[in-house]
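Here's a quick briefing to read with the model open in your viewer.

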Amino acid sequence: MRKALIVWGGWNGHQPQEVAEIFRGQLVKEGFEVEVSDTLEAFADGEKLKGLDLIVPVWTMGRIEQDWVNNVSAAVQSGVGLAGCHGGMCDAFRENTDWQFMTGGQWISHPGNDGTEYTVEIKSGSSPLVEGIEDFKVSTEQYYLHVDPANEVLATTRFPVAPGPHSTNKAVDMPVVWTKRWGHGRVYYNSLGHQANIMEIPVVQELMRRGFNWCAEGKAVAPAVQAQEAYTGMADNQL
């Protein structure tokens with residue numbers, strides 16, 4: 001049976017416990033054995049993490065021990081999947097650039113705040129992960145992110161919708177859903193999910209379901225590699 005770890009906490013405004021429970025239910029339906037933790041100490045055992053198939057962070061605006069970031073990074077580099085949403089993955093640890101390098105992006109703004117209506121535009125043909133899914137509208141935070149150019153973008157949203165200092169620039173398509181690789185591991189991110197009700201929207205649930213499975217499947221096809229020191233970032237990038 002595939003094993004998944006969900007770690008929730010941080011800023012309560014994102015309803016991390018409720019979102020974690022939605023994800024737990026999804027993963028159980030997909031046949032995962034799921035462990036749920038409300039402490040970052042769940043990342044302290046590096047060898048245990050390497051025995052997982054999937055890690056799901058649901059933690060916004062926290063501070064984390066560098067060794068724990070290194071443990072997650074090493075696990076993903078070995079083939080463990082990493083998947084998450086909204087600030088729970090890409091606004092988790094603002095001070096830690098190693099986390100941001102691994103996940104593929106960092107939130108910086110949401111012009112218009114909650115209740116902004118916008119369209120999520122699917123990049124048709126970009127990946128089986130979005131095959132058969134049509135563009136859809138949502139009313140929630142529209143995330144503006146700094147993103148890794150190596151990301152494979154599967155869905156975007158057009159800025160600007162709400163006015164702000166960014167509006168005097170040309171219109172841009174901001175990634176909403178992306179995948180990337182980190183060593184032998186697969187990484188999946190969806191910027192939706194300000195609160196639990198957004199993660200209950202059927203099309204959003206389907207996107208996450210596909211992302212969870214895709215990431216976990218990477219463990220089975222990761223090549224066997226000899227023990228080697230995992231990349232742990234650059235010391236001058238860490239506080």
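β4 and β11 run parallel and pair over four bridges, where two strands count as paired if DSSP finds at least two bridges between them. Ala 83 sits opposite Tyr 188 of β11. Keep in mind that this is a predicted model, with local features needing pLDDT of at least 70, side-chain atom pairs counted only at pLDDT 80 or more, and totals for chains, interfaces and linings using all residues. Residues are numbered from 1 along each chain as its sequence is written, and side-chain values use heavy atoms, with hydrogens and water left out. Helices (H or I, at least four residues) and strands (E, at least two) are DSSP runs, numbered from the N terminus.

- On the antiparallel side, β10 (residues 172-182) pairs with β11 over six bridges, with Trp 182 opposite Gly 185.

**The whole sheet**

- Nine strands build an open sheet with mixed pairing, in the order β2-β1-β3-β4-β11-β10-β9-β6-β7.
- β2 (33-37) and β7 (136-140) are the edge strands with a single partner each, so one side of each has no neighbour in the sheet.
- On average, neighbouring strands of this sheet are turned by 20 degrees against each other, direction ignored; axes are lines fitted to C-alpha atoms, for helices over the stretch in contact, and angles run from 0 to 180 degrees between N-to-C directions.
- Helix α1 (residues 16-29) lies across β1 (3-10), β2, β3 (54-60) and β4 (81-85), at about 170 degrees to β1; contact here means heavy atoms within 4.5 Å.

**Salt bridges**

- The whole structure has ten salt bridges, each a side-chain nitrogen of Lys or Arg within 4 Å of a carboxyl oxygen of Asp or Glu.
- Arg 209 and Glu 30 meet through their side chains at 3.5 Å, N to O. Arg 209 is in helix α7 and Glu 30 in the loop between α1 and β2, so the pair ties together parts that are 179 residues apart in sequence.
- Arg 209 is partly exposed at 29% relative accessibility, and Glu 30 is partly exposed at 27%.
- That pair belongs to a salt-bridge network linking Glu 30, Glu 206, Arg 209 and Arg 210.
- Glu 35 bridges to Lys 48, with the closest N and O atoms 3.0 Å apart. Glu 35 is in strand β2 and Lys 48 in helix α2 (residues 46-50), 13 residues apart.
- Glu 35 is partly exposed at 32% relative accessibility, as is Lys 48 with a relative accessible area of 42%.
- Glu 47 and Lys 50 form a salt bridge with closest N and O atoms 3.9 Å apart. They are three residues apart in helix α2, so about one helical turn separates them.
- Glu 47 counts as exposed at 60% relative accessibility, while Lys 50 is partly exposed at 34%.

**Backbone spots to check**

- Phe 159 and Pro 160 are joined by a cis peptide bond, with omega about 0 degrees; Pro 160 is in the loop between β9 (152-159) and β10.
- Met 61, a residue other than glycine, has a positive phi near 55 degrees. Met 61 is in the loop between β3 and α3 (66-78) and is partly exposed at 36% relative accessibility.
- Asn 113, in the loop between β5 (105-109) and β6, also has a positive phi, near 60 degrees.

Key: Buried < 20%, exposed > 50% of the residue type's maximum accessible area, 1.4 Å probe, protein only.
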